[in-house]
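Please look over the sequence and the 3D structure shown here before reading the briefing that follows.

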Amino acid sequence: MKIKKFGSTEAKIYALVHPIAEEQGVIVWDVRFEKEGAMWYLRVFLDHMDRPVNISDCEAVTRPLNKILDETDPIPQTYTLEVGSAGLERELIRETHFDACEGSRVRVRLIRPLENGVKELVGTLIGCDREAVTVEADGTEHKLPLSGVAFVRLADFDADEVKRAAESSADNK
């Protein structure tokens, strides 16, 4: 895993969308310009400090952003604009993500298991630099080289609890 930086297109779009998001009371978590198959996608991920991002937030950013993108035409090729929530289990890929999430619960998936066979850790994010991510899990601080990390994601909820709730809901139908 490498800590990513904005490409030039992403940086241009961030500069356009940041004031719009700020005006709407949301935060631009990430901007990605990605090719999937023959299609290009401009993806803007939003966050909110006090509550989950909702469809109204996305719409409130999309409309003025669409207008500015049409006026300034910063991307020469055809693309699809997607504005959405960064999500509960958002992946941490930029320095700002790691800085914002210090002290949060994270899930770290390793490329190869540790000596004890563990391939995934869930714990508290202590910090991250260009070489390693540091996580406290099960009372032990682990400094994991980024070259051996597949991904780091927020782990703000108990997956087993969500599964039990879904099963309970299905049983009640």
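The protein exposes about 10600 Å², of which carbon and sulfur atoms supply 49%, with accessible areas taken from the Shrake-Rupley method with a 1.4 Å probe. This is a predicted model, in which local features need pLDDT of at least 70 and side-chain atom pairs count only at pLDDT 80 or more, while totals for chains, interfaces and linings use all residues. Residues are numbered from 1 along each chain as its sequence is written, and side-chain values use heavy atoms, with hydrogens and water left out.

**Overall build**

- The protein has 4 helices and 8 strands, where helices (H or I, at least four residues) and strands (E, at least two) are DSSP runs numbered from the N terminus.
- From the N terminus on, these elements follow the order α-β-β-α-β-α-β-β-β-β-β-α.
- The C-alpha trace spans about 55 × 50 × 35 Å along its principal axes.

**Burial and contacts**

- Of the 173 residues in the protein, 34% are buried, meaning under 20% relative accessible area (1.4 Å probe, protein chains only).
- Among contacts (heavy atoms within 4.5 Å) between residues at least 6 apart in sequence, 55% join residues at least 24 apart.

**The largest pocket**

- The lining of the largest pocket consists of 24 residues, and Trp29, Asp47, His48, Arg90 and Leu154 lie nearest its centre.
- The elements that give two or more residues to this lining are β1 (27-36) and α3 (95-100), and β1 supplies the largest share, 4 residues.

Notes:
1 Å grid on protein atoms, 1.4 Å probe; cavity = no way out; pocket = protein on both sides within 12 Å on 5 of 7 lines; lining within 4 Å. Buried < 20%, exposed > 50% of the residue type's maximum accessible area, 1.4 Å probe, protein only.
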